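User: I'd like to learn how to read a protein model. Could you walk me through some of its features, please?

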Amino acid sequence: MTTASDMKGRSALITGGSSGIGAAIAEQLAGHGADLVLVARDAERLAKTAAGLRARHGVAVLTVPLALDEHDAPVRLMRTVQEAGVEVELLVNNAGMSSLATVADSDPATLRRLVDLNVGALTELTTLVVTGMVQRGHGSVINVASTGAYTPAPVLAAYAASKAYVLSFTQALWAETRASGVRVVAVSPGPTRTPMNPRPGGGKRQPAQVARTALAALEGTGPAVVDGRRNTVTAFVIRMVPPRLMAPFALRMMARGR
């Protein structure tokens, strides 16, 4: 397996790398001397993030402006990476989107795009990258899930379901690869102050805190971690409550917060 301290002179591919948790992970990896491939749909923000990393840490940063929910986007991304001569030692699947509305009030196309990005692109990109890692006998994958993966979440139904997929997929992939020298782990943040979740509120973690949890998880052995002590306790408790009780309770709590 490859940890953050092993990344000097090696390359990490980070999706959703222009801001929030992705940018925080990039910052900490660059501090370890890692070269970076950053992927995001906002080309201007991506270029600004990359310029800052180069200036502060002197690492190589390849930027790929790309909407990963587009057809064949992961294949096109990996073609660009290979043409640049980059071997991905660490993959961080962080790109994602959310939709805050009941299913009945949602735009079907938006929910389809959410699933294509949070589930489809992550699955395809992981498969493309992990194959080479297994063949080489080293490498690591971090998939960013959510505490929402542990229970149905009314008003965030598609988002939570997509993250439940990420968690389950990662746990299964962990079992498949654990004897191969490849480290696979899911990291589940709770409410975190990011561009996708800018609303003020108590208990929110900062992207840098989540990044530290994610990179520290590479040194562990389990398939999944939750970011922050409070979120860890919450995730444990909600797993103990039957969905027929938890889902209506969550709906009432969301209604209070909106």
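This is a predicted model: local features need pLDDT of at least 70, side-chain atom pairs count only at pLDDT 80 or more; totals for chains, interfaces and linings use all residues.

User: Let's begin with helices. At what angle do the axes of α1 and α6 cross?

Analyst: Helix α1 covers residues 20-31 and helix α6 covers residues 207-217; their axes cross at roughly 60 degrees and come within 8 Å. That angle makes α1 oblique to α6. The crossing of this pair is right-handed.

User: Which residues of α1 and α6 meet?

Analyst: On the α1 side look for G20, I21, A24, I25, Q28 and L29, and on the α6 side for P207, A208, V210, A211, R212, A214 and L215. Sorted by class, the residues of this contact are 10 nonpolar, 2 polar and 1 charged.

User: Helix α1 also packs with α2. What is the angle there?

Analyst: Helix α2 spans residues 43-57, and α1 packs with α2 at about 20 degrees, the axes being 10 Å apart. Angles under 35 degrees count as roughly parallel, so α1 is roughly parallel to α2. Here the crossing is right-handed.

User: And which residues of α1 and α2 meet?

Analyst: A23, A26, E27, A30 and G31 of α1 meet T49, L53, R56 and H57 of α2. This contact of α1 with α2 has 4 nonpolar, 3 polar and 2 charged residues.

User: Let me try another pair. How do α3 and α4 cross?

Analyst: The axes of α3 and α4 cross at roughly 35 degrees and come within 9 Å. The crossing is right-handed. From α3 the contact takes P74, V75, L77 and M78, and from α4 it takes A121, E124, L125, L128 and V129. By class, the α3 and α4 contact has 8 nonpolar residues, no polar ones and 1 charged.

User: Now for the interior. What do nonpolar side chains tend to do in soluble globular proteins?

Analyst: In such proteins, nonpolar side chains tend to be buried together. In this model, the largest nonpolar core has 33 residues, and L13, V39, L68, L77, V88 and L91 are the ones that touch the most other members. Two or more residues come from each of β2 (35-40), α3 (73-83), β4 (88-93), α4 (108-136), α5 (157-177) and β6 (182-188).

User: Which element gives the largest share of this core?

Analyst: That is α4, with 9 residues. Another core, of 30 residues, lies apart from this one, and its members include A26, V61, V185 and V187.

User: Could we zoom in on one residue? What is L68 in contact with?

Analyst: Leaving aside neighbours within four places in sequence, L68 is in contact with T15, V39, A73, P74, L77, A95, L117 and A121.

User: Where do D72 and V155 lie?

Analyst: D72 is in the loop between β3 (61-65) and α3. V155 is in the loop between β5 (139-144) and α5.

User: Is V155 buried or exposed?

Analyst: V155 is buried, because its relative accessible area is 6% and the limit for buried is under 20%. D72, at 31%, is partly exposed.

Conventions:
Residues are numbered from 1 along each chain as its sequence is written. Side-chain values use heavy atoms; hydrogens and water are left out. Axes are lines fitted to C-alpha atoms, for helices over the stretch in contact, and angles run from 0 to 180 degrees between N-to-C directions. Helices (H or I, at least four residues) and strands (E, at least two) are DSSP runs, numbered from the N terminus. Angles under 35 degrees count as roughly parallel, over 145 as roughly antiparallel, 65 to 115 as roughly perpendicular and the rest as oblique. A crossing is left-handed if the near helix is turned anticlockwise from the far one by less than a right angle, and right-handed if clockwise. Contact means heavy atoms within 4.5 Å. Ala, Val, Leu, Ile, Met, Phe, Trp, Tyr, Cys and Pro count as nonpolar, Asp, Glu, Lys and Arg as charged, and the others, Gly among them, as polar. A nonpolar core is a set of buried Ala, Val, Leu, Ile, Met, Phe, Trp, Tyr and Cys residues joined through side-chain atoms within 4.5 Å. Buried means under 20% relative accessible area, exposed over 50%, partly exposed in between (1.4 Å probe, protein chains only).
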